[in-house]
Amino acid sequence: MTYFEALLIAIVEGITEFLPISSTGHMMLTTALLGVVPTDFVKLYTVAIQLGAILSVVVLYFKHFFKSVGFYFKLVVAFIPSAIAGLLLGDWIDAQLENIYGVAVALFAGGIVLVFVDKWFKNPSVETGDDVSYLTALKIGAFQCLALFPGVSRSASTIIGGMSQKLTRQAAAEFSFFLAVPTMAAATLKKLLDFYKDDVAISGDEIKILLFGNAVAFVVALIAIKTFINLLNKFGFKWFGIYRILVGGTLLLLFWLKVIS
């Protein structure tokens, strides 16, 4: 992997990590378009740079992370379902990281959901993440399990999960941001442990590329989060859904025409 390829993938990660359009799916598409061979290091890179993106949440919402101990307990409760599912389905999840057709289907189907989701969940009563109960946190965490399949979008699944529990769009989005911190930190740690457990050597240059990618994802995500909240409050999810339908539909058409396989 070159620094240019690492740069483009990290930019895509930073933009898409918190948007409901699937960062993993877009990184898979980006690596495929760039012709990057999905080696063990490339797979590690696409997971590890998500850590840089989620650190932007800690920076932007710094004060929130020091409000109360209860805040951390709620995040732990919400994290539990995906942690269990991730451990049980780890090998299956890794296998799906090369399934571009599955990403196309997930993008298309998820886009249809996003087009209508604002009409499904009206009259929210929970204004902030502080008002989320432990049971609600657990339910949102259960929705996050859907995102274990690439292309679904962790952001989309958790925000929709939050809205289904009467959270406002902004409250659901912010709780989704907070939940990304333990989720992606754990995913990165697991990927690193698996990497070393399999005795896969990592060179000094590859470590530099990882640090570079995390730095780029961090900066881009800082901008993306603020932009996303503004767009979400102004337009809702409809246009994100249309975008997903166009991307997923185009990919499915290319598969049908056998342009890609």
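Analyst: Buried means under 20% relative accessible area, exposed means over 50%, and partly exposed lies in between, with a 1.4 Å probe and protein chains only. This is a predicted model, in which local features need pLDDT of at least 70, side-chain atom pairs count only at pLDDT 80 or more, and totals for chains, interfaces and linings use all residues. Residues are numbered from 1 along each chain as its sequence is written, and side-chain values use heavy atoms, leaving out hydrogens and water.

User: Is S82 buried or exposed?

Analyst: S82 is buried, as its relative accessible area is 8%.

User: Which helix holds S82, and what does S82 contact beyond its sequence neighbours?

Analyst: S82 is found in helix α4 (residues 69–88); helices are DSSP runs of H or I with at least four residues, numbered from the N terminus. Leaving aside neighbours within four places in sequence, S82 is in contact (heavy atoms within 4.5 Å) with G141, Q144, C145 and T183.

User: Turning to the rings, how many aromatic pairs are there?

Analyst: The structure holds eleven aromatic pairs. Rings of Phe, Tyr and Trp (its six-membered ring) pair if their centres lie within 6.5 Å; planes under 30 degrees apart are stacked, over 60 edge-to-face, and the rest tilted.

User: Why is the pair of Y3 and F212 edge-to-face?

Analyst: The planes of Y3 and F212 stand at 70°, with the ring centres 5.4 Å apart, so the pair is edge-to-face. Y3 belongs to helix α1 (residues 3–16) and F212 to helix α10 (residues 204–235), so that the pair links parts of the chain 209 residues apart.

User: Which residues form the aromatic cluster?

Analyst: One cluster is formed by F18, Y61, F71, Y72, F177, F178, F228 and F240.

Definitions and conventions. Helix = DSSP H or I, 4+ residues; strand = E, 2+ residues; numbered from the N terminus.
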